[in-house]
Amino acid sequence: MLIVIQNALAGDDDRLVIDMAGTVPANRMAVQFHCCAPYPILGRLTHSIDERNAMPKLLFPLILGLSMTAQAQDSIPIIFDTDFVMPPQDDSMALMLALQSPELEILGITTVMGNDSVERATSDVLRMLEIARQPAIPVYVGANLPLVHEPSEFARASYGNWYSDEAPPVPSGGYANIQAEEESAVSFLVRTVMDNPGEVTLVAIGPLTNIAQAIRAEADFAANVKQLIIMGGAIASLADGAGNITPNAEFNFWVDPEAAYTTLRSGIPIELSPLNVSRKSVLNKAWYDRIVAVDNPLTALLRETLGERFERQPERSWFMYDQIAVASLIDPSLVTTAAMYVDVNIDHGISYGVSVGGSDRWPGAEGAMQMNVQHDLDWPKFMALFVERVQRPLP
Ligand SMILES: [Ca+2]
């Protein structure tokens with residue numbers, strides 16, 4: 001059985017055809033994407049339809065959903081892969097920016113260990129979605145450990161609680177009432193990309209374990225991803241290219257070097273947002289004061305978590321990492337990039353997890369791929385965007 005919706009929503013002659021399983025026939029995919037890109041709605045319908053007589057009551061939420069998504073006609077469908085922790089961690093502010101930006105449509109959030117455990121990432125991001133009043137965005141639990149990297153004495157003494165098996169702390173306002181999906185992060189990544197070939201952009205702002213596992217799980221996954229934005233790495237051949245966890249390694253790549261190696265060599269079109277560009281940012285108290293000058297639940301959360309730190313240390317400043325990766329997808333003119341071949345060291349020696357970039361391939365990096373490497377930032381323009389989006393009224 002087919003439902004045919006004569007398109008009263010977009011106001012032209014397009015029609016969207018959906019079968020009883022909630023999937024769009026292949027020959028109608030172009031119409032689907034042109035019309036409204038209703039992926040989350042379709043995902044929900046697939047799980048909701050269990051008998052044909054349920055159809056009338058499904059039509060209203062479907063039409064409502066289509067009319068909502070039609071507003072974001074030209075939005076970029078993304079999967080948001082994150083080692084999320086509540087503010088002051090950068091993932092939280094990156095998600096605020098994405099949630100408040102109509103240029104992006106978040107199909108789902110996949111969690112991974114990194115800043116803390118995957119349990120903490122999942123618990124905190126679910127609560128964040130409630131605070132941001134977008135609890136319908138599905139969350140999928142990802143990797144709880146890197147592919148190979150074992151936590152060492154150094155890891156336990158350094159920043160990052162990625163190996164932790166402690167229960168997540170209570171986030172602001174209490175644990176979320178909403179829950180993560182049963183489907184795994186890797187299954188969701190593979191299913192969504194393969195169902196929408198060439199359409200889905202991945203935003204990866206934690207260790208790349210989930211992405212590497214998806215690449216390994218489905219041979220055609222990499223070829224069907226539209227683009228991958230990565231916060232990770234540090235390029236020593238460009239300015240500001242030192243590491244931040246070891247002398248030359250950046251944290252996300254160092255937590256799972258094998259995953260970074262696999263991902264960077266996969267052939268997915270990559271935009272890399274390494275420490276070189278992060279170090280062009282400076283979130284200080286003056287900028288913080290401007291962000292929280294407008295009151296909404298997001299700025300209230302920043303006041304609660306960042307405000308007290310600035311009170312104690314008014315001279316303190318923070319780099320913005322993941323926020324820049326997300327912003328560069330919204331407005332590519334914010335960053336300056338260079339085309340470089342980038343590879344990752346997976347020898348378990350002094351350079352484990354170090355990223356190396358050059359204008360050409362070099363011996364040992366014959367399999368390295370060329371990507372866009374961000375190395376400079378229009379900081380005032382970036383902050384103008386960030387402040388304006390975080391201050392917008394919530395849905
Ligand atoms: Ca992150």
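Helix α11 (residues 257–264) is mostly covered, with 7 of its 8 residues buried; buried here means 20 or more other C-beta atoms within 10 Å of a residue's own, with C-beta atoms placed from the backbone. This is a predicted model: local features need pLDDT of at least 70, side-chain atom pairs count only at pLDDT 80 or more, and totals for chains, interfaces and linings use all residues. Numbering starts from 1 along each chain as its sequence is written.

**Overall picture**
- The protein's secondary structure comes to 16 helices and 11 strands, taken as DSSP runs numbered from the N terminus (helices H or I, at least four residues; strands E, at least two).
- Of the 395 residues in the protein, 47% are buried.
- Take the contacts between residues at least 6 apart in sequence: 79% of them join residues at least 24 apart, a contact being two C-beta atoms, placed from the backbone, within 7 Å.

**Around α11**
- The buried residues in α11 are Pro-257, Ala-259, Ala-260, Tyr-261, Thr-262, Thr-263 and Leu-264.
- They pack against α8 (209–217), α10 (251–255), β8, β9 and β11.

**The sheet**
- Nine strands form an open sheet with mixed pairing, in the order β5-β4-β3-β6-β7-β8-β11-β9-β10; strands pair if DSSP finds at least two bridges between them.
- β5 (139–141) and β10 (355–358) are at the edges with a single partner strand each, so one side of each has no neighbour in the sheet.
- β9 (residues 335–344) pairs with β11 (residues 369–377) in the antiparallel sense over 8 bridges, and Met-340 sits opposite Met-371 in β11.

**α15 and its neighbours**
- Helix α15 (residues 322–330) packs on the sheet, touching β3, β4, β6, β7, β8, β9 and β11, and its direction makes about 150 degrees with that of β7. Axes are lines fitted to C-alpha atoms (for helices, over the stretch in contact), and angles run from 0 to 180 degrees between N-to-C directions.
- α15 and α16 (residues 379–390) pack at about 90 degrees with axes 11 Å apart, so they are roughly perpendicular to each other (65 to 115 degrees).
- At that contact, Gln-323, Ile-324, Ala-327 and Ile-330 in α15 meet Phe-382, Leu-385 and Phe-386 in α16.

**The core**
- The largest nonpolar core has 104 residues, and Leu-97, Ala-98, Ile-106, Val-203 and Ala-204 have the most contacts inside it. A nonpolar core is a set of buried Ala, Val, Leu, Ile, Met, Phe, Trp, Tyr and Cys residues joined through C-beta atoms within 7 Å.
- Leaving out residues up to four places away in sequence, Val-203 touches Ile-78, Phe-80, Asp-81, Ile-229, Ala-325, Val-326 and Leu-329.

Notes
A residue is buried if 20 or more other C-beta atoms lie within 10 Å of its own, exposed if 12 or fewer, and partly exposed in between; C-beta atoms are placed from the backbone. Angles under 35 degrees count as roughly parallel, over 145 as roughly antiparallel, 65 to 115 as roughly perpendicular and the rest as oblique.
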